[in-house]
Amino acid sequence: TDSGRPYDPRDVARRNNIGRGGVQEMGDTRVQRVGPWTLGRRLGCGGNAMVWEATRENGDAPIALKVINVNKVEREPYQRFAREIGFLREHESVTGLLPVVDAHLPESPTKTDQPWLAMPIATPIGEALQGRPLGDVVAAVASIADTLWRLQRDFGIAHRDIKPGNLYELDGKWLIGDFGLVALPDTDGLTAEGRPLGPRHYTAY
C-alpha cells in the first residue's frame, strides 16, 4: 500500500463499512434481505458470489447487489472482494468503470453479516449490441480498449479478466466491471504461482 504496510483487506473494510448486512428471511413472507437491501430476481452467480436485483426503503432505483459467500477474511475470495471495492473507491473519477453505489465489508463476516457490493444495473455487452451495426460494435470495443489502456498508462493497473460477462452498457457508455482479479502495482499478489484463473476460453496467454 502507499503507507508501506502489508495489504490488509480489513483496512478496506474499515474505510468502506456502511452498515451491517446478511441474507435474512423476514417472517412468513419469505422476503430476503441483505442489510438495507430487499432482494428481487437473481441476475447472475459465480463460484463465490451471487448478484441480485435489490432495492432499499429510500425509494432509489433498483441496483445490482453482489454478495459473496465467504465468512473468513483471510481467504482469497474475501481479499479479492476487498481489493476490488478498494480499487473502485479509489478510482471513482476514472471513466469507463462500472461504479460503486454502496459497499459493506464486515471485519468478521458471518452468514447473517455477509460482504456485499452495490452497483448500477447495466446491460451486458452481448445484449446491448444484439442486432446493432458493425460500426457500433467497433466503437464499443474501442471504448473498452481505451479504458484498459488508460488504466495501464496512468496507474499501472491490469484488469486480467476481460470477457463479455464483465462488459456493460449504461446510459450510452461502455463500462468494465468485476475487478476481482485486478493486478495493482505495489501490492502483494493473491494468486499462487502457476495457478490458472478465469475461464480457459478467455484467459490471455
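In what sense do strand S8 (residues 123-124) and S9 pair, and over how many bridges? The two strands pair in the antiparallel sense, over two bridges. The model is a predicted one.

One of the residue pairs is Glu-169 with its bridge partner Trp-174 in S10.

In a regular strand, side chains alternate between the two faces of the sheet. In S9, Leu-167 and Glu-169 point one way, while Tyr-168 and Leu-170 point the other way. All four of these residues are buried.

## Strands S5, S6 and S7

Strand S7 covers residues 116-120, and five of its five residues are buried, so S7 is largely enclosed by the rest of the structure. S5 and S7 pair in the antiparallel sense over five bridges. S7 is also joined to strand S6 (residues 102-104) by three bridges, and these two strands run antiparallel.

Leu-117 of S7 takes part in both pairings. Lys-66 has Leu-117 as its bridge partner in S7, and Ala-103 stands opposite Leu-117 as well.

## Lys-66, a buried lysine

Lys-66 is found in strand S5, which spans residues 63-68. Is Lys-66 buried or exposed? Its relative accessible area is 14%; because buried means under 20%, Lys-66 counts as buried.

The side chain of Lys-66 makes a polar contact with the side chain of Glu-84, at 3.3 Å. Glu-84 is one of the buried residues of H2. Not counting residues up to four places away in sequence, Lys-66 touches several others, including Ala-49, Met-50, Val-51, Phe-81, Pro-115, Trp-116 and Asp-178.

## Helix H2

Helix H2 runs over residues 76-90, which makes 15 residues.

H2 is mostly covered, with twelve of its 15 residues buried. Among them are Pro-77, Tyr-78, Phe-81, Ala-82, Ile-85, Phe-87 and Leu-88. The buried residues of H2 also include Gln-79, Arg-80 and Arg-83.

## The nonpolar cores

Which residues of the largest nonpolar core touch the most other members? They are Phe-87, Leu-117, Leu-151, Trp-174 and Phe-179, out of 35 residues in this core. At least two residues of the core come from each of S5, H2, S7, helix H3 (125-128), H4, S9 and S10. H2 gives the most, with six residues. A second, separate core has ten residues, and Trp-52, Ala-54, Ile-63 and Val-67 are included in it.

Leaving aside neighbours within four places in sequence, Trp-174 is in contact with residues that include Gly-96, Ile-125, Ala-128, Leu-129, Arg-132, Ser-143 and Ile-144. Ala-140 is also one of its contacts.

## Ala-140 in helix H4

Ala-140 has its place in helix H4. With a relative accessible area of 0%, Ala-140 is buried. Leaving aside its neighbours within four places in sequence, Ala-140 is in contact with Leu-129 and Trp-174. Ala-140 and Leu-175 are 35 residues apart in sequence, and their C-alpha atoms are 9.2 Å apart in space.

## Two loop residues with positive phi

Where is Arg-160? Arg-160 lies in the loop between helix H4 (134-155) and strand S9 (167-170). Its phi is positive, about 75°, although Arg-160 is not a glycine. Its relative accessibility is 47%, so Arg-160 counts as partly exposed.

Asp-171 is likewise not a glycine, and has a positive phi of about 55°. Its place is in the loop between S9 and strand S10 (173-176). The hairpin of S9 and S10 has two residues between the strands. Asp-171 is exposed, with a relative accessible area of 71%.

Conventions:
Residues are numbered from 1 along each chain as its sequence is written. This is a predicted model: local features need pLDDT of at least 70, side-chain atom pairs count only at pLDDT 80 or more; totals for chains, interfaces and linings use all residues. Side-chain values use heavy atoms; hydrogens and water are left out. Helices (H or I, at least four residues) and strands (E, at least two) are DSSP runs, numbered from the N terminus. The expected span of a helix is 1.5 Å times one less than its number of residues. Buried means under 20% relative accessible area, exposed over 50%, partly exposed in between (1.4 Å probe, protein chains only). Contact means heavy atoms within 4.5 Å. A polar contact is a pair of N or O atoms within 3.5 Å; within protein, one must be able to donate a hydrogen and the other to accept it, and residues adjacent in sequence count only if both atoms are side-chain atoms. Two strands pair if DSSP finds at least two bridges between them. A nonpolar core is a set of buried Ala, Val, Leu, Ile, Met, Phe, Trp, Tyr and Cys residues joined through side-chain atoms within 4.5 Å.
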